[in-house]
Amino acid sequence: MAATATATSGYAASSLSVGPGGGGGAAAAAGGTVGGGAGGSLSHGGPSVASSLNSVLGFGIPTANGSEDHCNAALALLFQQIMNDMKGNTPVWEDFLLKSTRLHTSLKSTLVASSAFLNSFQQVADAATKTRGASKEIGKCLTRMVLRQRSIEAKMKAFTSALMENMVTPLQDKMEDWKKTCLHMDKEHAKEFKKCQQEIKKRSEETIKLQKRAKKAGQGTMKQSMYSGSGSNKALDSFNGLVDLKRQLQDKEYEAVRQAMIEERSRFCLFVSCLKPFLVRNTV
């Protein structure tokens with residue numbers, strides 16, 4: 001958990017842009033939007049990821065050169081928010097299971113009392129039916145009332161059984177798996193991010209050194225030094241490698257967010273699937 005929090009804060013705090021187009025961070029800090037290059041659409045991931053980013057963060061994420069850092073930070077933030085939501089929902093699921101179990105216990109007690117009541121009621125109806133006088137019709141009417149209540153009791157039994165078998169038990173079986181899955185995803189994400197961040201930092205320092213070396217060689221301005229001569233070719237290659245690393249990290253973040261969204265949605269889908277037979281028996 002601590003490692004994950006540190007990794008997530010590192011996304012927002014670090015700025016590893018080198019070369020042209022790296023000024024998007026200042027624009028984002030000053031204006032509250034992400035800029036720094038042409039293009040303002042999300043080119044990676046599905047529409048669900050893009051829409052979630054827009055809804056959670058309040059702005060679109062461009063993917064032009066120089067904006068990878070901001071996109072990666074936004075994706076990491078969204079991933080961490082999803083993880084926090086899933087962890088925060090654990091007490092909600094546990095409380096629901098607890099209250100459902102209490103309801104099941106109460107319904108079972110009610111069924112026992114109801115069955116005893118109807119048995120006694122039937123004895124009264126039988127006594128009225130066996131009379132010698134004009135009370136036989138009363139006994140028959142009371143018997144019909146008991147039979148009708150028996151049908152209601154049968155529905156209540158089905159309802160009680162569905163509550164435990166179709167809802168409580170499947171959710172209880174999944175609780176531990178949900179906790180383990182969430183911790184595993186969070187841990188793996190933090191581990192992968194730390195590894196990628198170290199690679200980007202190393203390549204960034206190397207690129208800066210090559211750019212300074214090319215500039216000291218008297219090959220003109222920074223832009224000229226990057227596009228002319230053997231030293232500048234090394235700097236350009238290093239810079240392109242840095243951009244590739246950032247884009248690789250971005251792709252990994254998209255995948256991590258996608259998997260987190262799938263995991264979160266699957267939990268509510270399971271709840272709905274458990275709820276369906278429960279409701280069907282309740283409305284029959």
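The legends below describe views of a predicted model.

**Figure 1. Overall fold of the chain.** The chain holds 8 helices and 0 strands. Read from the N terminus, its elements follow the order α-α-α-α-α-α-α-α. Of the 284 residues in the chain, 34% are buried. Among contacts with a separation of 6 or more, 78% are between residues 24 or more positions apart. The accessible surface of the chain is about 16,300 Å², and carbon and sulfur atoms account for 58% of this surface.

**Figure 2. Close-up of the second largest pocket.** The volume of this pocket is about 230 Å³. Its lining consists of Phe79, Met185, Glu188, His189, Glu192, Lys252, Glu253, Glu255, Ala256 and Gln259. Two or more lining residues come from each of helix H6 (136-216) and helix H8 (229-283). H8 gives the most to the lining, with 5 residues.

**Figure 3. Residue classes in the lining of the second largest pocket.** Sorted by class, the lining has 5 charged, 3 nonpolar and 2 polar residues.

Figure 4. Thr90 lies in helix H5, which spans residues 90-129. Thr90 counts as buried because its relative accessibility is 16%, under the 20% cut-off. A polar atom of the Thr90 side chain is 3.4 Å from the backbone oxygen of Met86. When neighbours within four places in sequence are left aside, Thr90 is in contact with Met175 and Lys179.

Notes
Residues are numbered from 1 along each chain as its sequence is written. This is a predicted model: local features need pLDDT of at least 70, side-chain atom pairs count only at pLDDT 80 or more; totals for chains, interfaces and linings use all residues. Side-chain values use heavy atoms; hydrogens and water are left out. On a 1 Å grid over the protein atoms alone, a cavity is a set of points where a 1.4 Å probe fits but cannot get out, and a pocket is an open set with protein on both sides within 12 Å along at least five of seven lines; lining residues have an atom within 4 Å of a point. Grid points are joined across faces, edges and corners, and a volume is the space filled by probe spheres set on the points. Helices (H or I, at least four residues) and strands (E, at least two) are DSSP runs, numbered from the N terminus. Ala, Val, Leu, Ile, Met, Phe, Trp, Tyr, Cys and Pro count as nonpolar, Asp, Glu, Lys and Arg as charged, and the others, Gly among them, as polar. Buried means under 20% relative accessible area, exposed over 50%, partly exposed in between (1.4 Å probe, protein chains only). A polar contact is a pair of N or O atoms within 3.5 Å; within protein, one must be able to donate a hydrogen and the other to accept it, and residues adjacent in sequence count only if both atoms are side-chain atoms. Contact means heavy atoms within 4.5 Å. Accessible areas come from the Shrake-Rupley method with a 1.4 Å probe; for residues, only the protein chains shown count as cover.
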